[in-house]
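The stops below are given in the order in which to select them.

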Amino acid sequence: MATDPEPFTLPEDVSAQPVPIPPLERSRHVAHCNRCLAGLPASLTDIDSSRMVLAFYCLGVMDVYSALDMKLSASDREAWRGWIWAQQAGGEHGTGFRPGPFMTRVRQPGYTDASAPHLIMTYCALLSLAILRDDFRRLDRAGLVRFVRACQDTNGGFTTTPGADDADLRMCYCAFVVCSFLNDWSGMDVTRAVDYIRRCRTYEGGYGQSPGAEALGGTTYCAIAALYLLPQDTAPAGRLTRAEHRQTVRWLVHTQDGATGGFAGRTNKVPDACYCFWQGAALAIMGEKERIDAVALTRFFARCQHRFGGIAKAQDEAADPYHTYLASAMIAIAQGAGTWALGPLDPLVNATEETAAWARERVPARPVLA
Ligand SMILES: [Zn+2]
């Protein structure tokens, strides 16, 4: 293509002036999640079956913005700790945490209680307790190791509850975080788990939800974080080869949309605030954070801020705790300027560094020596 030797420019090229990025509306986002912690509108009753996840996102937002002590009184925090411990449930297949106190008519085999523990809820419960600075004295550690072991499927992946037929990378990631927090990997066959993760890898360099599925942002984060959570000495060729690393980074980087600055969860999909975390945190874990266009990403988040508080998946959508938390977590990883400087956040376990350190110190049976 021929180039113009004297390109035309306006005498005062105002179009070249960058539009200032609006401030991060911290207090409004905290208020949004505080409201959701107290109760949800009738339109969101389907979330009732995963109340533990909702609690984690709301408490997580307060933690990321360092607002927990300001928004929740000491008795509120104690009440939340008590509620989470009330969801610890044990049985023949070990002990974990259930989604909430709701009743189901389906009795889970091996558990006397009608609602059996669930692996994703267990991950959320441990992180929420760490956010609330619990001492973990009530944790049934031996039962938790047995529960994780009971959730490992014959295919190497992990299921939500023991014996369920729903193994995918999300539960795999939760099992890796639980074992990492416990500093005890006897609850999983690591070689088979890593083999399962590798079978979820696709030709694009991302990871599908299960073997043979299309690459997705959320499950790619789960795969990368799980592989990096493995202690180096126990990793059976767990980490990526250099060629795999390059391929994964290329796919992740290409999911950042040049027009809006947001990340999409799949090739040729529209950007979404939650995928900004899943894709961006995966890049951060791999030591490739600098490849993110952080300014464009911040502009995207600024547009996703809802005027009544909370962050939505995209501009002009309704905000919710899930997108508010994940967007805020990514803002903490990206470390912007001014009001956009939050953090620091541990991208491997998806919690502030202080909360992650609290869990690593208090969840293991024996304290971890620094
Ligand atoms: Zn989303």
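Start by selecting residues 217-229, which form helix 9. Helices here are DSSP runs of H or I with at least four residues, strands are runs of E with at least two, and both are numbered from the N terminus. Helix 9 has 13 residues and reaches 18 Å from its first C-alpha to its last, close to the 18 Å expected at 1.5 Å a residue. The expected span is 1.5 Å times one less than the number of residues. Colour helix 9 by accessibility: 13 of its 13 residues are buried. Buried means under 20% relative accessible area, exposed means over 50%, and partly exposed lies in between, with a 1.4 Å probe and protein chains only.

A note on the model before going on. This is a predicted model, in which local features need pLDDT of at least 70 and side-chain atom pairs count only at pLDDT 80 or more, while totals for chains, interfaces and linings use all residues. Residues are numbered from 1 along each chain as its sequence is written, and side-chain values use heavy atoms, with hydrogens and water left out.

Within helix 9, pick T219. T219 has 4% relative accessibility and so counts as buried. Which residues does T219 touch, not counting those up to four places away in sequence? They are L169, Y207, G208 and Q209; contact means heavy atoms within 4.5 Å.

Next, select helix 5, residues 119-131. Helix 5 has 13 residues and reaches 19 Å from first to last C-alpha, close to the 18 Å expected at 1.5 Å a residue. Helix 5 is mostly covered, with 13 of its 13 residues buried. Just after helix 5, click R133, which takes a positive phi of about 55°.

Now go to the zinc ion. Its coordinating atoms are D272 (OD), D272 (OD), C274 (SG) and H323 (NE2), at 2.1 to 2.4 Å. Donors are N, O and S atoms within 2.8 Å of the metal (3.2 Å for Na, K and Ca); water is not among the atoms, so sites may look incomplete. The 4 donor atoms subtend angles of 55 to 116°, which makes the arrangement irregular. Along the chain the donors follow the spacing D-x1-C-x48-H. D272 lies in the loop between helix 10 (242-254) and helix 11 (273-285) and H323 in helix 13 (residues 321-334), so the pair ties together parts that are 51 residues apart in sequence. Both D272 and H323 are buried.

Move to E288, in the loop between helix 11 and helix 12 (294-304). E288 counts as buried at 16% relative accessibility. Leaving aside neighbours within four places in sequence, E288 is in contact with H245, V249 and L283.

Then select the cysteines. How many disulfides does the structure hold? The count is 0, where a disulfide is a pair of cysteine sulfur atoms within 2.5 Å. For C36, the nearest cysteine sulfur is that of C58, 5.2 Å away. The sulfur of C200 is 7.3 Å from the closest cysteine sulfur, in C172, too far for a bond. C200 is buried, with a relative accessible area of 0%.

Finally, zoom out. The protein has 14 helices and 4 strands, and buried residues make up 54% of its 370 residues.

How values were computed
Tetrahedral: all angles 85-135°; square planar, octahedral: opposite > 155°, others 65-115°.
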